[in-house]
Amino acid sequence: MKKTMAAKKPRTSSKRSRTKAKKPVQDASPSTSPDISTAEKNFVYFRQLFVDDREEELQVRPPCQDTTFAVLMRHAESALFNNRCSIRHPESIQEDIIGILKTNGVDDIEDQYMKARGSARGILFDTVWRQVMRFLEHENGSSKKALLRALLIEDPSILFGDDEVAEYLHDGIVNRGSRFLQELAEDFNNAERREQRLGADDLTWVMAANWTNPDCPLWLMERPAIYQACRSLDRATPMTESAVEKRLKSSGLLPTSTDHFRRATSTPIKQVVCSDEKIIEKYLVKGNAFAPLHGKEYPFSFHPPGKHADEKIQKLNEACDVALKKVDESSKHYGEESAEYRAARREFDSIPDKAPPSPRGYRVRVEQKRKNASSDAAVDR
């Protein structure tokens, strides 16, 4: 490259021309940026921590760790696994199915669960990181600044707890002024119109966030059931069965990733039965081994309590406060042996002390094989 540049002599011999000819050409491509190379190493390291759920290693945060990566990982954990996907809830269909499969000779079902869980966590991390990389162009290939920008857009309240994000905002305003603020305002405007502020693929998001949901275990479902469940879990996003199929076959969201959604070798949940409002009410499970689950009702309900229940609780609390005030006043003015006190006490005791009943939990219906029926054909994986 130097020989080629030397062959092209400047048209004039001015000092300005000579300076321009000798000025080295800088490659601003993000793919060759040293910062990107560092980011990729950190990405692999922190991604594995997130997949393994090794939270204890984040609490120490030694100086060699990139703090913003650690913040991103904790942020993804709290934002995406907010539906008990990181725990083994004992009163759930997932735990019952795991127990029955183990009893019936599927000795590696625990290992299958861990692989399914890890694959979903990896895809979640990839989804978040892919959105971060969208800001590289605005930040001249700096993955550090792109990450800070993404954290600010995803959750503006981070300004109160992260000095690096606050410093990034300060430097952007001081160095780039209105142009920086205009770009940031456009990013915020786009984020406020989306369900996921960073513009993640909604279907991938809901699948990964619920893959090992104890009350909606997608990894134990047949493909049509996964589609039915996703439609209920995210009623705002248009989706098709072929779109679910495509994401199940995907071999990773990033060039550095080979993860895909891992399912169990046996997927007994054949159908997800929803109400007219697309709320999950029942699961259809197939197989004689699952007969003990037939008709079982679990405590968790996909039905929200509803506005009317909240209003009823509020009215009960208000009535209770008024009646209790009357009891106190009658006790002070007339004494506890008076008719006024007894009347106030009867009014207070007549107020129900129980909240409205919660919505019914989901149930299981088991479809068993007939004794003379041939065994089911192998499921198309």
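Modeller: In this predicted model, the side chains of Lys-286 and Glu-367 meet in a salt bridge, with 3.8 Å from N to O. Lys-286 belongs to strand S2 (residues 280-286) and Glu-367 to strand S3 (residues 363-367), so the pair ties together parts that are 81 residues apart in sequence. Lys-286 has 28% relative accessibility and therefore counts as partly exposed. Glu-367 is also partly exposed, with a relative accessible area of 33%.

The structure holds 15 salt bridges. Another one joins Arg-88 to Glu-110, and their closest N and O atoms are 2.9 Å apart. This pair links distant parts of the chain: Arg-88 is in the loop between helix H5 (67-80) and H6, while Glu-110 is in helix H7, 22 residues apart. Arg-88 counts as partly exposed because its relative accessibility is 30%, and Glu-110 is partly exposed at 27%.

A further salt bridge stays inside one helix. Arg-179 and Glu-183 both lie in helix H10 (residues 178-193), 4 residues apart, or about one turn of the helix. Their closest N and O atoms are 3.7 Å apart. Here the two partners fall on opposite sides of the burial cut-offs, which are under 20% for buried and over 50% for exposed. Arg-179, at 56% relative accessibility, counts as exposed, whereas Glu-183, at 13%, counts as buried. Both residues belong to a network of salt bridges that links Arg-149, Arg-176, Arg-179, Glu-183 and Asp-187.

Terms used:
Residues numbered from 1 in each chain as written. Predicted model: local features only at pLDDT ≥ 70, side-chain atom pairs only at ≥ 80, totals over all residues. Heavy atoms only, no water. Salt bridge = Lys/Arg side-chain N within 4 Å of Asp/Glu carboxyl O. Helix = DSSP H or I, 4+ residues; strand = E, 2+ residues; numbered from the N terminus. Buried < 20%, exposed > 50% of the residue type's maximum accessible area, 1.4 Å probe, protein only.
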